[in-house]
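Good morning, and thank you for joining this group meeting.

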Amino acid sequence: MLLQRTLSKSNKTDLYLDLVELASGLLLVGFLWTHMLFVATILISQETFNGLSEFLDKYYLSYIGIPFIIVVALFHFVIAGRRIPTRIQEQRIVWRHAKMLRHTDTWTWVFQAITGMAILVLASIHVWMVVTGWPIRDFTSAQRMESFWWFYLILLIVGEYHAGFGLYRQFVKWGWFPRKPIGYITKVITAIILVLGLAAMFVFVQLGGAL
Amino acid sequence: MADRELTFEIFRYNPQKPEVKPYLQTYKLKETTGMTIFVALNQIREEQDPSLMFDFVCRAAICGSCAMVINGRPRLACKTLTKTLPARIKLFPLPVFKLIGDLSVDTGTWFRHMSLKTEAWVHTSKTFDPKAQEERMDNETALKIYEAERCIECGCCIAGCATANIRDEFLGAAGINRVARFMLDPRDERTPAEYFEVVGSEEGAFGCMGLMACDDNCPMELPLQMQLAFVRRKMASIGIGYKPGKGIKLA
């Protein structure tokens with residue numbers, strides 16, 4: 001029995017942290033997928049894209065949504081990030097362990113931590129670019145995509161990867177559905193969103209010169 | 001297949017002789033029909049190197065003593081046929097557990113600690129009456145308990161768990177499965193709050209990151225994902241309504 005462990009034990013912090021990780025994660029996946037569907041409206045027409053953006057502006061949805069998502073993302077970063085081994089020796093153990101085990105879900109978790117870090121940096125740059133280039137219209141997006149398509153390609157892949165596997169892992173942990181089908185479903189949705197994102201990117205880059 | 005010559009690379013280290021650093025030793029062996037890693041190791045020890053340390057008792061996947069890392073995966077030596085492996089086979093002792101020497105580890109101390117921590121016995125206020133008829137239990141409950149009881153305590157789930165590899169206090173799938181077994185048992189009179197004290201923390205249900213190496217590597221194919229999720233859901237629903245006692249301030 002250790003004094004510091006005994007006195008700090010048996011509270012509900014660990015439960016709350018787990019629930020906040022779950023709730024913030026679900027919110028962010030919901031946001032990301034909605035965001036990508038909104039972006040994909042460019043596939044229908046430029047008017048639809050602009051119309052949707054104006055609608056979100058008119059009812060202040062962008063002005064509430066963006067700061068809210070930033071706060072949720074920061075919470076998620078700190079709380080889900082508590083799982084990441086921070087000591088060098090722990091890092092060595094985990095990497096050796098993953099290489100030894102050659103186990104898919106262990107590797108996807110290693111990449112989950114890496115993509116999480118990448119998103120923190122890349123999404124911050126993305127938000128900065130969008131907010132300083134406000135409002136969001138077909139021409140502002142097309143310009144961004146034309147100049148920074150490689151940046152957005154990376155962000156799209158790491159973002160969708162993190163969201164897809166994150167959702168899968170939460171379902172696995174809480175056991176609401178069997179593991180194999182839920183893995184399949186999250187992969188299919190991720191693939192659809194990726195295709196939509198890539199298609200929208202392609203259209204924007206095409207538009208880039210025309211606008 | 002039976003004509004293959006197998007090359008074993010085996011981890012050698014004796015904590016009693018720390019001056020000899022850990023190294024890999026190579027042994028060659030002719031494969032025979034139906035050969036398991038257990039058979040191969042015994043043959044190596046008998047014919048080539050009597051100093052090689054490894055554990056076994058039952059050679060029938062019941063005792064759980066012969067678990068080791070076989071080509072990167074935690075497996076039972078007695079249940080792993082060499083024909084399922086390439087000709088080069090690498091053997092390591094299980095991580096997490098105390099190393100006795102070479103492939104032999106002490107899982108007993110870990111499991112005893114886990115049993116004490118989870119208080120793995122039926123908590124009842126009833127006094128046992130040897131003359132009374134045994135209380136009946138419906139078949140469904142009995143089968144559910146039996147499913148969890150099939151654990152042979154080999155330690156493969158713990159060795160495969162990334163969390164258990166870096167967090168000493170984590171109970172792992174074996175520990176959480178044990179708690180699930182008592183939660184299912186109607187004879188156990190522990191209150192929800194008492195269970196929460198045992199596993200409602202990062203040392204228990206909330207320490208699991210969902211990597212499922214336990215589920216994928218259990219030699220007994222226990223439904224560990226569902227057991228972990230069951231305890232996690234249960235702990236969440238208990239925990240939300242649970243009021244812990246006031247803490248003591250240090251200053």
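**A pair between two chains**

Let us begin with Arg179(A) and Asp216(B), whose side chains form a salt bridge with an N to O distance of 2.9 Å. Please keep in mind throughout that the model is predicted. This pair crosses between chains: Arg179(A) belongs to helix 8 of chain A, residues 179-210, while Asp216(B) belongs to helix 8 of chain B, residues 213-217.

How many salt bridges are there between chain A and chain B? The count is six. One that joins these two chains is the pair of Asp18(A) and Arg232(B), in which the closest N and O atoms are 3.0 Å apart. Over all chains, a search of the whole structure finds 26 salt bridges.

**The interface as a whole**

I turn now to the wider interface. On one side, 35 residues of chain A take part, and they are in contact with 42 residues of chain B. Together the two chains bury about 3,400 Å², and carbon and sulfur atoms account for 58% of that area. Between chain A and chain B there are also 19 residue pairs in polar contact, with both residues at pLDDT 80 or more.

Which elements of chain A give two or more residues to the side that touches chain B? They are helix 1 (3-8), helix 2 (13-39), helix 5 (88-101), helix 6 (104-132) and helix 7 (138-174) of chain A. Of these, helix 5 of chain A gives the most, with six residues. Sorted by class, this side of chain A has 16 nonpolar, six polar and 13 charged residues.

**Chain A on its own**

Chain A has eight helices and zero strands. Its C-alpha trace spans about 70 × 35 × 35 Å along the principal axes.

**A helix pair within chain B**

Finally, I would draw your attention to chain B. Here helix 6, residues 172-184, packs with helix 7, residues 192-199, at an angle of about 175°, and their axes are 11 Å apart. That angle is over 145 degrees, so helix 6 of chain B is roughly antiparallel to helix 7 of chain B. Helix 6 of chain B makes the contact through Val179(B), Phe182(B) and Met183(B), and helix 7 of chain B through Tyr195(B), Val198(B) and Val199(B). By class, the residues of this contact are six nonpolar, no polar and no charged.

Methods:
Residues are numbered from 1 along each chain as its sequence is written. Chains are lettered from A and ligands numbered from 1 in the order in which they are written. Side-chain values use heavy atoms; hydrogens and water are left out. Contact means heavy atoms within 4.5 Å. Buried area is the accessible area (1.4 Å probe) that two parts lose on being put together, summed over both. A salt bridge is a side-chain nitrogen of Lys or Arg within 4 Å of a carboxyl oxygen of Asp or Glu. A polar contact is a pair of N or O atoms within 3.5 Å; within protein, one must be able to donate a hydrogen and the other to accept it, and residues adjacent in sequence count only if both atoms are side-chain atoms. Helices (H or I, at least four residues) and strands (E, at least two) are DSSP runs, numbered from the N terminus. Ala, Val, Leu, Ile, Met, Phe, Trp, Tyr, Cys and Pro count as nonpolar, Asp, Glu, Lys and Arg as charged, and the others, Gly among them, as polar. Axes are lines fitted to C-alpha atoms, for helices over the stretch in contact, and angles run from 0 to 180 degrees between N-to-C directions. Angles under 35 degrees count as roughly parallel, over 145 as roughly antiparallel, 65 to 115 as roughly perpendicular and the rest as oblique.
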